[in-house]
Amino acid sequence: MKKEVCFVVLNYNDADTTIKLVDSLCDWDVIEDKIQVIIVDNKSQDDSYEKLVDYFKYQETVDVLLTEKNGGYSSGSRENSPRSIPREIRYSKYIGLYVS
């Protein structure tokens with residue numbers, strides 16, 4: 001199903017803040033069935049990726065991706081190219097990028 005709103009959240013070594021942000025995005029009642037969140041962990045040096053995967057494993061509206069290397073902000077945000085974004089949300093009307 002096509003999602004109207006896609007939020008891309010870039011994470012680096014701060015899973016707790018990312019979790020709070022994504023939880024707040026998913027709590028918007030007016031868009032809850034129209035939202036998709038993609039978290040891109042930019043090769044964190046701590047256990048952020050594992051923590052995020054575990055926390056969101058049962059939430060269908062959240063995908064957690066891991067970059068192969070940390071090449072900085074631009075590299076992490078490029079990880080969200082159309083090839084890495086699930087097909088059903090590539091053509092969302094609105095896409096927001098957040099950095100934690």
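Predicted model: local features only at pLDDT ≥ 70, side-chain atom pairs only at ≥ 80, totals over all residues.
Residues are numbered from 1 along each chain as its sequence is written, and side-chain values use heavy atoms, with hydrogens and water left out.

In soluble globular proteins, nonpolar side chains tend to be buried together. A nonpolar core is here a set of buried Ala, Val, Leu, Ile, Met, Phe, Trp, Tyr and Cys residues joined through side-chain atoms within 4.5 Å; buried means under 20% relative accessible area, exposed over 50%, and partly exposed in between (1.4 Å probe, protein chains only). The largest such core has 15 residues, of which Phe7, Val22, Val37, Ile39, Leu52, Phe56 and Val62 touch the most other members. At least two residues of this core come from each of strand E1 (5-11), helix H1 (15-26), strand E2 (35-41), helix H2 (48-56) and strand E3 (62-66). H1 gives the most, with 5 residues. Helices (H or I, at least four residues) and strands (E, at least two) are DSSP runs, numbered from the N terminus. Apart from this core lies another, of 5 residues, among them Cys6, Val8, Leu10 and Val40.

The whole structure holds 1 aromatic pair. Rings of Phe, Tyr and Trp (its six-membered ring) pair if their centres lie within 6.5 Å; planes under 30 degrees apart count as stacked, over 60 as edge-to-face and the rest as tilted. Phe56 is buried at 3% relative accessibility, whereas Tyr55 is partly exposed at 43%.

There are 2 salt bridges, each a side-chain nitrogen of Lys or Arg within 4 Å of a carboxyl oxygen of Asp or Glu. In one, the closest N and O atoms of Asp16 and Lys51 are 3.4 Å apart. Because Asp16 lies in helix H1 and Lys51 in helix H2, this pair ties together parts that are 35 residues apart in sequence. Asp54 and Lys57 form a salt bridge at 2.8 Å, N to O.

Most residues other than glycine have a negative phi. Asn13, in the loop between E1 and H1, has a positive phi of about 55°. Lys43, in the loop between E2 and H2, likewise has a positive phi of about 55°.
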